[in-house]
Amino acid sequence: MTCAEAQEFITALIDQELGQAERSSLEVHLSECSGCRLAFEEESALKQQIREAARGINAPAHLRSRILSDPRIFPEKNRSARRWQDYLRPMPALLRPILALALLLAIALPAFYFFKPGSEPIALAALETYDRFLGGELPVQRTENADELVGQLTRSVGGHFHPMGYDLTAMNLRPVAGLVREIDGRKILVVIYEGQGGTLICYTFLGAEKDAPPNAARFFDAAKKMNFYAFSRGGVNAVLHREGEIICILASQMPMEELLALAKSKANPS
Ligand SMILES: [Zn+2]
């Protein structure tokens, strides 16, 4: 085996992908050639470092399942047949660990910054409540009395602002529970509506229009002279608007057009 051939096989050896015959002749070469042995040791160490660096990084479960089930990322017909390493196969052996590291950094670094507390737009972070409520994971104050709910939430922020307290009975939705969430040191009043119309959550907090996610679609309502920002997260649609210093977000699984129309009908120009 020549050094050039050995270099081609080193990565495959580390990945335990060599056949018995190739492995034996590569091992013979490595025992005789210090240059290739060094390359083998360096690549092993690099692989180990990548493995260790990746160990502490965990994407949230819902993100993982979304990525894994996205046919644009993992085409259905190839999902079980090919592994990600297979895409690196045509590459020269020495480039593969470099590409693997670059891939890891490209995936891990944004994930690291994105999921660091405080780096996600508050409007998106707030929506997480929606799934957690439906999953029964939230310690909510259940009440039948809407006025009491509004009063409790208002007191929890020292009376500085109050939840929108919309009357949505026309849509077969009534307030059933409320809670206060704190994101980035900002308190968010959360009012949960339920009924035949499904589930709708109204978030209220002190903020500005820049609290809308950067990729939200902006709709200008000429009659009310207000902006409405539409965005979604994990199947939950949301519409954000500003009333003075107050930001209100309506979130629901109802179609975006309906939610937008609802937000526009309820919003008060400030
Ligand atoms: Zn060699």
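Is the crossing of α2 and α3 left-handed or right-handed? It is left-handed, meaning that the near helix is turned anticlockwise from the far one by less than a right angle.

Some ground rules. This is a predicted model, with local features needing pLDDT of at least 70 and side-chain atom pairs counting only at pLDDT 80 or more, while totals for chains, interfaces and linings use all residues. Residues are numbered from 1 along each chain as its sequence is written, and side-chain values use heavy atoms, without hydrogens and water.

Back to the helices, which are DSSP runs of H or I with at least four residues. Helix α2 covers residues 20-32, and helix α3 covers residues 34-55. They pack at about 110 degrees, axes 6 Å apart. Axes are lines fitted to C-alpha atoms over the stretch in contact, with angles from 0 to 180 degrees between N-to-C directions. So α2 and α3 are roughly perpendicular, a label for 65 to 115 degrees. On α2, the contact (heavy atoms within 4.5 Å) uses H29, L30, S31 and E32. On α3, S34, C36, R37 and F40 take part.

Now the zinc ion. Its protein donors are C3 (SG), H29 (NE2), C33 (SG) and C36 (SG), at 2.1 to 2.4 Å. Donors are N, O and S atoms within 2.8 Å of the metal (3.2 Å for Na, K and Ca). The spacing reads C-x25-H-x3-C-x2-C. Donor angles run from 98 to 114 degrees, so the arrangement is tetrahedral; the cut-off is four donors with all angles between 85 and 135 degrees.

H29 is buried at 10%. C36 is buried at 1%.

Conventions:
Tetrahedral: all angles 85-135°; square planar, octahedral: opposite > 155°, others 65-115°. Buried < 20%, exposed > 50% of the residue type's maximum accessible area, 1.4 Å probe, protein only. Helix = DSSP H or I, 4+ residues; strand = E, 2+ residues; numbered from the N terminus. Parallel < 35°, antiparallel > 145°, perpendicular 65-115°, else oblique.
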